[in-house]
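Have a look at the model first, then read on.

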Amino acid sequence: MGFRAFREKHFPTTVARDLFGLVAGARLSFGISREVFAYKLDERLVIKFERGAYAFQNVVEWETWERVEDSPALKRWLAPCTAISPCGRVLVQRRTWPVPPHVKMPKRVPALLADLKRDNWGYLDGRIVCHDYGFTRVTGVDLEPASFGGRT
């Protein structure tokens with residue numbers, strides 16, 4: 001879907017189009033369910049718009065970031081999310097820059113990162129991070145002892 005068609009379909013009113021035009025800069029990328037735009041008001045950020053219902057990639061990224069942001073070992077691998085709309089259709093994330101073709105990608109990454117296309121990664125603050133982690137793996141299949149308040 002081209003930029004104009006995207007804007008007309010998802011921002012049908014004049015106010016919505018004006019707001020979109022105020023905050024959304026150049027289209028940087030798009031995938032099966034989202035469009036990514038530079039954020040005009042802060043060049044360090046991008047805005048990810050989900051095109052359709054039931055994708056929830058923005059929500060997955062937001063919740064993943066919320067879970068790992070206090071874990072230095074994991075958060076260093078991800079581009080931070082900074083805001084999400086109440087319904088999850090709009091996500092604001094730190095902007096990354098393309099990893100040049102001559103740069104080698106990491107040999108090992110956290111198991112939760114499931115979609116390992118090179119395009120899903122970029123440079124942020126001098127390191128390689130994943131900026132598209134809307135598809136993640138559920139990890140940790142080992143069973144842990146459970147305590148249910150003394151009841152079995």
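## The sheet and its helices

In this predicted model, 5 strands make up an open sheet, ordered β1-β2-β3-β5-β4, with antiparallel pairing. β1 (24–30) and β4 (81–84) sit at the edges with a single partner strand each, so one side of each has no neighbour in the sheet. On average, neighbouring strands are turned by 25° against each other, direction ignored.

As a bit of background, strands in a sheet pair through backbone hydrogen bonds, and the pairing can be parallel or antiparallel.

Now for β5, which shows up in two of the pairings. Strand β3 (residues 45–50) pairs with strand β5 (residues 90–94) in the antiparallel sense, over 5 bridges. β4 and β5 form a hairpin with 5 residues between them, and G88 in the turn has a positive phi of about 85°.

What lies across the sheet strands? Helix α2 lies across β1, β2 (34–39) and β3, while helix α3 lies across β2, β3, β4 and β5. Here are their angles:

| Helix | Residues | Angle to a strand |
|---|---|---|
| α2 | residues 14–23 | about 80° to β1 |
| α3 | residues 57–68 | about 130° to β4 |

Methods: Residues numbered from 1 in each chain as written. Predicted model: local features only at pLDDT ≥ 70, side-chain atom pairs only at ≥ 80, totals over all residues. Heavy atoms only, no water. Pairing = 2+ DSSP bridges. Helix = DSSP H or I, 4+ residues; strand = E, 2+ residues; numbered from the N terminus. Axes fitted to C-alpha atoms, helices over the stretch in contact; angles between N-to-C directions. Contact = heavy atoms within 4.5 Å.
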